[in-house]
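Good morning. I will talk through one structure, starting with its charged pairs and ending at its surface. Please look at the model first.

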Amino acid sequence: MEESVKPPWGLAWRLAWGQILLWGILYYAFTALSAPIHEDTGWSRPLIHGGLSLGLLTWGVLALPVGMWIQRNGARGIMMAGSLLGGLAFASFGLASEPWHFYLAWVGTGAAMAATLYEPAFAAVTMAFGNRYKQGIVLVTLLGGLASTVFIPLTHFLTEQIGWRQTCLVLGLSVVALGVPLHRTKIQAAPANSRRSPNHRRWSFFDAIAGFRKDFSDRTFLLLSLWFSAHTAAFSGLIFLIVPAMSAAGASSGALLGAMALIGPMQVLGRLAIAARGGEFSSIQTGSWAMISMTLSLIILIVMPSNFAWLACFGVLFGLGNGIMTIMKGTAIAEFFDRARYAELNGAIAAPSVMAKAGAPLLLSAVWQKTAQPELVFVVLLILMLIGLAAVLGLARMKSQRIVPPNSSHGDSQ
């Protein structure tokens, strides 16, 4: 019955454009803003980047409550509210004259990220697309992957033309003007399979948390959380530290930046390869190959010469693997669990993953500072990636032994 329903592609396209806008401004624009903020305010770089970590920590703390809200009320309202909050919070960066104001704006931005970025969008697609949810998620991530390509240079251009404060105001108000309408229509207001009860008005967050006790002790849930968290920590630590650490280890800045420029296009290429297969792929099998690709890329950084040829091999392998992993994070949960609980389970698994994203750069910076050996940064990153690879291979083994019930008895039975 579900297969005969035409997929709501209009919804997927609106969410995809929303992801370009929101990822590009709320997350990636800071890459081009941090240096001008430092030069203008005199605030230290650790203080400025501490704001980003606070925003990511806020995102991680709110990921589960947001998922639970979407499970019961749908994604429309919270994605509209997140767009409004995110736009106003980002605009307020331009008004910040003291660090406390800057940090408060990051708390608001982090809350908006939790309410608008991939996890809520994946939940909306999964609710609406039925058995063809993979196709919708591929489209959303394919366009969302262009966010950094568009908004990092745009933010840099605006900053040079009108200054960083006015740029924050322009970009923040753009989120309000465009993000709120994009999420206002075509998103299901409340899931038909919402787990509401007749007395749902008295629903307690703490009572709902108690209902997760079985999930938190489930081996599948734990392995998925470990897989996603290890990958996210490795990606976050690498993106923030690869340039200074590799430069300190003797790599040419030109060769390094040239290799880094390959990561974005390779991410899009990896997603295009998945898109070409429609919905015909296994998240675990494909995710295993993606993790192997990124593991090999880190081995190249550690053991091979730091010339452009080997650094380019790193950029290609890492970009392909990471681009594919974004899609796997949206589809793997639905393969293992009943899609009727997708939103809240997605939030529960995203929470430690986002916290790992916030903590990894700080941990790796501490390792570097303590040992004075930048090469150890990449050894730690390789260990993280191997942990993630072990987790996904464990999931593959469980699935092949049918320890986890097959997909046909879960999400596809709706």
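Lys 134 and Glu 335 are both buried, where buried means under 20% relative accessible area, exposed over 50%, and partly exposed in between, with a 1.4 Å probe and protein chains only. Before going on, a word on the source: this is a predicted model, local features need pLDDT of at least 70, side-chain atom pairs count only at pLDDT 80 or more, and totals for chains, interfaces and linings use all residues. Residues are numbered from 1 along each chain as its sequence is written, and side-chain values use heavy atoms, with hydrogens and water left out.

Back to the pair. Lys 134 and Glu 335 form a salt bridge, with the closest N and O atoms 2.6 Å apart. A salt bridge here is a side-chain nitrogen of Lys or Arg within 4 Å of a carboxyl oxygen of Asp or Glu. Lys 134 sits in helix H6 (residues 133-144) and Glu 335 in helix H15 (residues 308-336), so the pair links distant parts of the chain, 201 residues apart. Helices are DSSP runs of H or I with at least four residues, numbered from the N terminus.

How many salt bridges does the structure hold? There are three. Another joins Glu 344 to Arg 72, with the closest N and O atoms 3.3 Å apart. This pair links distant parts of the chain, 272 residues apart, with Glu 344 in helix H16 and Arg 72 in helix H2. Glu 344 and Arg 72 are buried.

There is also a salt bridge between Asp 40 and Arg 165, whose closest N and O atoms are 3.7 Å apart. Asp 40 is in helix H1 (residues 9-41) and Arg 165 in helix H8 (residues 164-182), so the pair ties together parts that are 125 residues apart in sequence. Asp 40 is partly exposed at 47% relative accessible area, and Arg 165 is partly exposed at 24%.

Now the surface. A nonpolar patch of about 610 Å² includes Leu 226, Leu 296 and Ile 387. Such patches are made of residues with over 30% relative accessible area and no salt bridge; like charges are joined within 9 Å, and nonpolar side chains (Val, Leu, Ile, Met, Phe, Trp, Tyr) within 5 Å. Areas come from the Shrake-Rupley method with a 1.4 Å probe, and for residues only the protein chains shown count as cover. Which helix gives the largest share of the nonpolar patch? H14 does, with four residues. Leu 296 lies in helix H14 and is partly exposed, at 43%.

Note on methods: Helices (H or I, at least four residues) and strands (E, at least two) are DSSP runs, numbered from the N terminus.
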